[in-house]
Amino acid sequence: MKRDGASNKADHNNLVNADAALAQRIWCDRLSSLHLEQLKVLTQKYDFSVAHGDLLFLDNRWYVTHTGLLRLATRKRCCGIHVRPVMEFCDAPNCRWAFEATVFKSRTCKGFTGFGDADISNTSALVRGAEMRVAETRAVNRALRKAYGIGICSVEEIGSSPRPTEPPAQVVRFPAQVESTPVNGNGHRLRDQIQLLIRKHRLDPALVKLYAADFCGASELRQASREQVEKFAQHLAAYAEKDACGLRCQLNSYLKTNEQSPVGEPQAAAKGEVEEERPHPVNVADPAKEAA
């Protein structure tokens, strides 16, 4: 038994030294003595391995990965994990999902429960269209962290780029250049960002579309260029953050236009032009789809 204990201690020390050496090669000067000490504690307590992808160093702190948590559960002989969607918090058309996961460490364990949610506002564009799977993974990670007493956050819970100090306004701020190609074949970034603004500030999609056409100087939104729609998106984000009430009043001014005439008809009448063909119906669910 003494030999076995000595052997396990030696293996432990080897793992600690290997983790520290590999971490210094990967993250170089970003690691301080405090970070190395934290890595040592995590390795000694949970047998996490940098080489196996159990830990990542991001934004000046350590994060555990889904791989590391599952490997830990296997070593601890986890009895099972039960996962279910929380339907009252799910909204499939808007890609919003919530899951509940319960980890059973043994057959007599009452379970450790964790919840995870995901939508387009808190996931990376790289996983756009996979919000349901992200929510499930986050729920499992939280339950495993509770079950085994792991205090550090998992990287899947924060997305690919943690932004703990970023103000809320930047979540909907638009980049200078927006990609014109679909992300994972599931819509454009510009369209997703405008939809996010509409949901966040509870705006009327039909009125936003009318406002967008007027802002772009077009009789119909489909006639506006992508650059014009990008400028409108930036304007809408700034307007909503600065004066949400003023924005709603601005949108309400289009109510009469929306009730009496289809999109494009008021502008044509102002110019003395008569349209013979029937106007296209307004898609109230997606104000940026035509421009994207």
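Predicted model: local features only at pLDDT ≥ 70, side-chain atom pairs only at ≥ 80, totals over all residues.
**Exercise 1. Salt bridges and their exposure**

Solution. 
1. A salt bridge needs a side-chain nitrogen of Lys or Arg within 4 Å of a carboxyl oxygen of Asp or Glu. By this rule the count is 10.
2. One of the pairs is Arg61 with Asp59, where the closest N and O atoms are 3.2 Å apart.
3. Buried means under 20% relative accessible area and exposed means over 50%. Arg61 has 37% relative accessibility, so Arg61 is partly exposed. Asp59 has a relative accessible area of 37% and is therefore partly exposed.

**Exercise 2. Two further salt bridges**

Task: Are Glu131 and Arg128 buried or exposed, and which helices hold Glu241 and Lys200?

Solution. 
1. Glu131 and Arg128 form a salt bridge, with 3.6 Å between the closest N and O atoms.
2. Glu131 is at 2% relative accessibility, so Glu131 counts as buried. Arg128 is at 9% and counts as buried.
3. Glu241 and Lys200 also meet through their side chains in a salt bridge, at 3.1 Å from N to O. Glu241 sits in helix 8 (residues 226–242) and Lys200 in helix 6 (residues 189–201), so this pair links distant parts of the chain, 41 residues apart.
4. With a relative accessible area of 37%, Glu241 is partly exposed. Lys200, with 40%, is partly exposed.

**Exercise 3. Helix 7**

Task: What span should helix 7 have, and how many of its residues are buried?

Solution. 
1. Helix 7 (residues 205–216) has 12 residues, and at 1.5 Å a residue these should span 16 Å. The expected span uses one less than the number of residues.
2. The end C-alpha atoms of helix 7 are 16 Å apart, which agrees with that value.
3. Nine of the 12 residues are buried, so helix 7 is mostly covered. Among them are Leu207, Val208, Leu210 and Cys216; Lys209 and Tyr211 are also on the list of buried residues.
4. At the start of the helix, a side-chain oxygen of Asp204 comes to within 2.9 Å of the backbone nitrogen of Ala206.
5. Just after the helix, Gly217 has a positive phi of about 70°.

**Exercise 4. An aromatic pair**

Task: How many aromatic pairs are there, and why is the pair of Trp27 and Trp62 classed as edge-to-face?

Solution. 
1. The count of aromatic pairs is six.
2. The ring centres of Trp27 and Trp62 are 5.4 Å apart and the planes are at 90°, so the pair is edge-to-face. The cut-off for this class is planes over 60 degrees apart.
3. Trp27 lies in helix 1 (residues 2–27) and Trp62 in strand 2 (residues 61–64); the pair links distant parts of the chain, 35 residues apart.
4. Both Trp27 and Trp62 are buried.
5. Trp27, Phe57 and Trp62 make up one aromatic cluster.

**Exercise 5. Cysteines**

Solution. 
1. The number of disulfides is zero.
2. A disulfide needs two cysteine sulfur atoms within 2.5 Å.
3. For Cys78, the closest cysteine sulfur is in Cys79, 7.0 Å away, which is too far for a bond. Cys78 is partly exposed, at 22% relative accessible area.
4. For Cys249, the closest cysteine sulfur is in Cys245, at 6.9 Å, again too far for a bond. Cys249 is at 55% relative accessibility and so counts as exposed.

Terms used: Residues numbered from 1 in each chain as written. Heavy atoms only, no water. Buried < 20%, exposed > 50% of the residue type's maximum accessible area, 1.4 Å probe, protein only. Helix = DSSP H or I, 4+ residues; strand = E, 2+ residues; numbered from the N terminus. Polar contact = N/O pair within 3.5 Å; in protein donor to acceptor, adjacent residues only side chain to side chain. Phe/Tyr/Trp six-rings, centres within 6.5 Å; stacked < 30°, edge-to-face > 60°.
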